[in-house]
Amino acid sequence: MAEETITSMLEERRKFAPPRNETAHIASMEQYAQWRARFEADREGAWRELALEHLHWQQPFTRVLNRERPPFFRWFEDGYLNVSENCLDRHVAAGHGARTAIIWEGEPGEVRRISYAELLAEVCRAANALKQLGIEAGDRVVIYMPMIPEAAVAMLACTRIGAVHSVVFGAFSAQALRDRIEDAQAKLVITADGGWRRGAVHDLKSKVDQALDGGGNSVRHVLVVRRGGNKVAWKPERDLDWQEVLCVESDVCPPARLNAEHPLFILYTSGSTGKPKGILHTTAGYLLWARLTMLWSFDFHAGRDVFWCTADIGWITGHTYSVYGPLACGGTTLMYEGVPTFPDPGRLWQICAAHDVTIFYTAPTAIRALIKAGDEWPARHDLSSLRVLGTVGEPINPEAWMWYYTVIGQRRCPIVDTWWQTETGGHMIAPLPFATPTKPGSATLPLPGIEADVVDGDGKSIAEGGGLLVIREPWPSMLRGIWGDEQRYLETYWRKFDGRFYFAGDGARRDEDGYIWIMGRVDDVLNVSGHRLGTMEIESALVAHEAVAEAAVVGRPDEVKGESICAFVVLKQGTPDEALRQALKRHVGEVIGAIAKPDEIRFAEALPKTRSGKIMRRLLRDIAAGREIRQDISTLEDAAVVRRLLEDQQG
Ligand code: PRX
């Protein structure tokens with residue numbers, strides 16, 4: 001696509017930008033440059049100004065950043081505030097109690113609209129219920145729920161009293177849930193009987209029961225929201241009905257006074273070992289950035305916009321952009337319970353039209369699936385309310401970008417390609433929708449305050465070309481660590497460049513205009529449909545099966561999912577047939593969850609290894625993708641292994 005078209009598109013788009021509040025929105029590249037200059041001149045001063053303007057403090061901070069023990073940075077550390085107060089009370093007090101906070105649509109089609117006043121009352125009732133159950137500030141609460149408003153209520157109720165939530169994606173298995181409960185030593189699990197997915201009720205409560213079976217864990221109670229209406233087992237001494245408990249509670253609960261660095265939530269994500277990492281975020285810094293990025297990279301206007309982020313709250317995207325970001329801004333967020341293509345591939349567009357969605361945020365994988373479904377589906381719905389379109393989770397290919405831009409945005413809506421991670425809390429590299437000229441496939445430039453850089457292996461900045469993506473300066477919403485594993489935090493993100501800067505784990509390229517293009521992970525992390533999965537996690541699951549001696553998992557390019565999972569398996573017993581293949585897939589589904597099931601399992605006699613015993617993953621990636629092998633295989637312990645794998649392929 002020609003660059004000149006992109007600039008002219010920008011002119012066109014500006015016509016659709018609403019009038020703005022100059023302090024909160026960045027409307028031109030001149031303003032962007034001013035912000036960058038402001039940070040360069042006085043970094044802490046700029047953060048101070050933003051934090052005081054954008055958050056409601058019970059006691060304002062005096063110190064912006066404590067760098068005494070890098071990389072354990074502390075932000076606004078002598079300030080006190082409450083996240084739920086910032087997300088709810090503040091807006092009600094400003095006279096917006098009647099404004100819709102959450103629009104919810106269930107998969108069967110029912111709709112709920114919850115105002116700020118109603119949400120505040122419900123969050124207070126839930127917070128009082130948590131207190132009744134003995135939950136105190138600092139205690140961990142696991143939330144394992146479908147996409148229903150109660151999930152957001154549960155998160156906010158935790159923040160109201162200072163409990164630390166850990167949301168576990170509803171499609172994770174009982175075992176994955178148990179691991180997370182144990183790692184965080186949670187006292188309470190909040191769940192639902194079930195939720196609607198693809199026309200049927202997906203059972204959650206039984207998975208919680210399985211996870212807690214055998215006892216020996218820290219969980220005292222399970223609070224169950226009735227949603228699916230499915231029959232569930234009940235342990236009267238442990239299980240409580242959410243509605244029954246809440247209805248006797250008062251709808252007044254003063255927000256706890258919490259330190260800026262009080263832990264807000266843990267969210268587990270995959271890394272390059274078998275064990276997921278509990279990423280820890282804290283109170284003030286996270287919330288500040290959730291709010292600012294809503295304003296900057298989505299141009300979000302509370303009271304006018306209806307914002308829809310399609311991510312499940314089990315992921316960071318759902319945390320920051322379905323719940324905390326929009327609510328910190330006092331705006332309207334839409335939640336949808338079900339599958340985006342149910343009952344037909346027009347469902348997303350029908351919801352956009354029905355609720356006048358103005359800002360729509362999804363993953364490239366969903367866009368590619370919708371392209372495949374055909375243009376007739378969006379054509380059936382009136383999408384004229386849309387004004388900004390976002391993408392996240394993986395690089396977006398230019399074809400998908402152009403389809404999103406022309407068919408969905410009708411050449412009127414800017415596309416914001418947002419690069420960030422669970423660890424970063426919010427967007428890091430993203431266009432400003434009514435300022436930055438975009439290039440399809442590039443996340444463009446770092447947001448103000450973010451010192452993203454592309455460096456070589458020694459940490460030297462690369463002006464133009466490919467290298468590793470790093471962040472040079474601490475930022476408020478950065479992770480504060482890995483729950484219970486200080487060492488892993490240091491090793492994973494800081495050791496590579498001797499603690500000088502944060503290493504994101506992504507490769508990136510910088511072009512002649514300074515635009516950043518994300519090339520994907522450089523470690524053993526897969527990106528399947530925008531979801532992060534560790535190859536080691538899947539390998540550990542496979543070798544836990546009695547038939548498996550050894551396994552190596554690699555990613556393979558996939559037209560829709562970005563990457564698909566290919567596992568090479570060496571058996572110690574059993575017959576390498578279709579039945580075993582299916583059994584192994586099922587097994588991975590049970591250990592981790594359906595999203596981690598290998599798309600392909602290839603049986604091998606042995607895995608290709610170097611003489612020092614390392615599995616040659618690059619080679620396996622080439623074999624999985626059907627690419628020509630250009631690597632020298634002479635260093636392999638047994639070159640015949642590779643030849644056999646290649647022969648199998650041809651056969
Ligand atoms: O590889 C990058 C990719 O997703 C990783 C982060 O995954 P997770 O923590 O699960 O968070 C996903 C949602 C924020 C990154 O290391 N990634 C994320 N956004 C983009 C991306 N790759 C390219 N372009 C993006 N916009």
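Select Gly393 together with the ligand: a backbone N or O atom of Gly393 sits 3.1 Å from a ligand nitrogen atom. A polar contact here is a pair of N or O atoms within 3.5 Å; within protein, one must be able to donate a hydrogen and the other to accept it, and residues adjacent in sequence count only if both atoms are side-chain atoms. Then pick Asp506, which has a polar side-chain atom 2.7 Å from a ligand oxygen atom. Of the 540 Å² of accessible area that the ligand has on its own, the protein covers 96% (Shrake-Rupley method, 1.4 Å probe; for residues, only the protein chains shown count as cover).

Before going on, remember that this is a predicted model, in which local features need pLDDT of at least 70, side-chain atom pairs count only at pLDDT 80 or more, and totals for chains, interfaces and linings use all residues. Residues are numbered from 1 along each chain as its sequence is written, and side-chain values use heavy atoms, with hydrogens and water left out.

Time for some rings: select Tyr321 and Trp420. How far apart are the centres of the two rings, and at what angle are their planes? The centres are 5.2 Å apart and the planes at 85 degrees, so the pair is edge-to-face. The rule takes rings of Phe, Tyr and Trp (its six-membered ring) with centres within 6.5 Å, and calls planes under 30 degrees apart stacked, over 60 edge-to-face and the rest tilted. Tyr321 belongs to helix 11, while Trp420 is in the loop between strand 20 and strand 21 (452-455), 99 residues apart. Helices (H or I, at least four residues) and strands (E, at least two) are DSSP runs, numbered from the N terminus.

Stay in that loop and click Thr444, also between strand 20 and strand 21. Thr444 has a positive phi of about 70 degrees although it is not a glycine. Most residues other than glycine have a negative phi, and most peptide bonds are trans.

For backbone bonds, go to Pro70 and Pro71: the peptide bond from one to the other is cis, with omega near 0 degrees. Pro71 lies in the loop between strand 1 (65-66) and strand 2 (74-75). Then jump to Phe342 and Pro343, joined by a cis peptide bond with omega near 0 degrees. You'll find Pro343 in the loop between strand 17 (332-336) and helix 12 (347-354).
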